[in-house]
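These are my notebook entries on one protein structure. I record what I looked up, entry by entry.

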Amino acid sequence: MNIRHECPMPELSFSVAVPLHLHKENGCKLIADRWSLAGVWLAPDDDDLSGDIYLSVPFQGVDVSFPVVLKATDVPGHYTFHKLIVRQRETLGAFYKGVLSGQMVSTNDIITSLDAPVDLVPMGETEQEETAGQAKAKPRLLRALWNVAFYLAGAAFLVLFLGGQIWQRLSHVQLDHARFVAPITEYKAPEAGYLTRINVAVGDQVKPGDILARIEDPDRESDVEDVRAEVLLAERRLRIERNRVAEHRLQRKAQHAALLARFQTLWIPWRINDRHVLVYPDQIETARLALYNFERQRDPNAMGSFDMLDTLEETVTERDLDLRRWKRELRHRKAAADELVVRAKFEGTVFGVYALKGSYIARDDLVVEIEDNTPRMAVGWIDDSMVTTVHIGMTADISYVFHGQTKHNQGQVIDIQAGTDIAQPDKFGMVITIQADGAGLRKTRKWFRRNAPARIRLKRGLFASWFERDNGRS
């Protein structure tokens, strides 16, 4: 497109007799004493105007210069301006207007002329350009069909995209901050001490009652050793007293045997020879009475022996009670020490071991984690405003990433509890627990990584609820 700006009737432009300076390429300076907006009049001998020529417009002691192209006319010495741009014409016109009006050109007028925008110039297409444009245009019917197809495609895209989003919101309930959880039981240290033994490793199977770790408290072990020493001392004392009772009984038995032997030594010969005599001799009677009194604890010597036996047996009883007391204390101290043994409560698989053998651990420090032998679940959170839209037994779509690929599983809601959001503890709502269909213990441990994020949507079953309402009304 060619843009041309010129005076509507250049021949009607008034010429002014004010010097206008022209600078040639070779450095020569020409002065036009007469000029107009259409061109300049020069002396006839200044006809060599080849090369670049710069026109200088004086303005408050400063020359505003720009290149011009002069074209000779039929009048000798008269040249017209050729191919002046908008800014050049505006600047020359501002100087021309000031000369005609006799007023000094203002700075704003010069600046405005130098900054004249191009869009002020009237523009239009030539007949050749209009003909070429119409030749390239396609038929109206084809353009109409193209526009209709384009708008239909846009409408279909909007309907499918926006309609799909609206349908998803109507037919599904999206759970927030969904993730997979594992039934983990934490085993912590009951008391502070040194971890002397760890009996399990990650992946081991354990049963209820199995010893997972043993913790030793030096103070408790010292108490056990002290009480064990007291038990040994009490056993020794009881053994000594029992030995004394046994020795005393042996002495009594020997004394009884001596009395019996003395009596029999006198009695047997006498019975053989003088058995018909009714009165016993004094010796036999004395021996019989001594044996009789000893057996019935009537002899002073016998009384002393039996008193001593009673005293010794009482001492044995006291020592036995003392031993039992220390043994009971030992059991209590050992039970207190055995409390530092960490035992499994449920059957499961060792998920993690978080303490080192020989290290010191404080009370309630995590020692072992065991995952129960039950399938892993998916949980999500929802605002309590949706309490009437969810229920146990709803079908759920579970989406997750496994080995870089997106996987999908169906599941069912098995539990709904009120609770806070893990990401927003101050926000109260409902915690939804979902069990995956057809996924047992091994599959869930393989697919559902603990605390891995998931996308869970609950199906509302709108049509089913509508049918139920219709059946209820009928």
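I noted that the model is a predicted one. The phi of His 403 is near 55°, a positive value, and the residue is not a glycine. Is His 403 buried or exposed? I found a relative accessibility of 69%. The cut-off for exposed is over 50%, so His 403 counts as exposed.

I then turned to Asp 364, which is found in the loop between strand 16 (360–361) and strand 17. Asp 364 also is not a glycine, and its phi is positive, at about 70°.

I reminded myself that the strands of a sheet pair through backbone hydrogen bonds.

How many bridges join strand 10 to strand 17? I recorded five, with strand 17 covering residues 366–372.

**Ser 399 in strand 19**

Next I examined Ser 399, which is found in strand 19. Its relative accessible area is 13%; buried means under 20%, so Ser 399 is buried. I listed its contacts, leaving aside neighbours within four places in sequence: Lys 407, His 408, Ala 454 and Arg 455. With His 408 there is also a polar contact between the side chains, at 2.9 Å.

Gly 380 lies in strand 18 (residues 377–383). I noted a relative accessibility of 4%, so this glycine counts as buried. Which residues does Gly 380 touch, not counting those up to four places away in sequence? I wrote down Leu 175, Asp 176, His 177 and Ala 178, together with Met 430, Val 431 and Ile 432. I also compared Gly 380 with Pro 453: they are 73 residues apart in sequence, and their C-alpha atoms are 9.8 Å apart in space.

Thr 433 lies in strand 21 (residues 428–436). Its relative accessibility is 16%, so Thr 433 counts as buried. Beyond its neighbours within four places in sequence, Thr 433 is in contact with Met 377, Ala 378 and Val 379, and with Gln 412, Val 413, Ile 414 and Asp 415.

**A nonpolar patch on the surface**

I then looked for nonpolar side chains on the surface. Trp 146, Phe 150 and Tyr 151 form a nonpolar patch there, with about 450 Å² of accessible area together. I placed Trp 146 in helix 4 (residues 140–171). Trp 146 has a relative accessible area of 59%, so it is exposed.

**The chain as a whole**

Lastly I recorded the totals. The protein chain has nine helices and 22 strands. Of its 474 residues, 30% are buried. The accessible surface comes to about 31400 Å², and carbon and sulfur atoms hold 54% of that surface. Among contacts with a separation of 6 or more, 69% are between residues 24 or more positions apart.

Key: Residues are numbered from 1 along each chain as its sequence is written. This is a predicted model: local features need pLDDT of at least 70, side-chain atom pairs count only at pLDDT 80 or more; totals for chains, interfaces and linings use all residues. Side-chain values use heavy atoms; hydrogens and water are left out. Two strands pair if DSSP finds at least two bridges between them. Helices (H or I, at least four residues) and strands (E, at least two) are DSSP runs, numbered from the N terminus. Patches are made of residues with over 30% relative accessible area and no salt bridge: like charges are joined within 9 Å, nonpolar side chains (Val, Leu, Ile, Met, Phe, Trp, Tyr) within 5 Å. Accessible areas come from the Shrake-Rupley method with a 1.4 Å probe; for residues, only the protein chains shown count as cover. A salt bridge is a side-chain nitrogen of Lys or Arg within 4 Å of a carboxyl oxygen of Asp or Glu. Buried means under 20% relative accessible area, exposed over 50%, partly exposed in between (1.4 Å probe, protein chains only). Contact means heavy atoms within 4.5 Å. A polar contact is a pair of N or O atoms within 3.5 Å; within protein, one must be able to donate a hydrogen and the other to accept it, and residues adjacent in sequence count only if both atoms are side-chain atoms.
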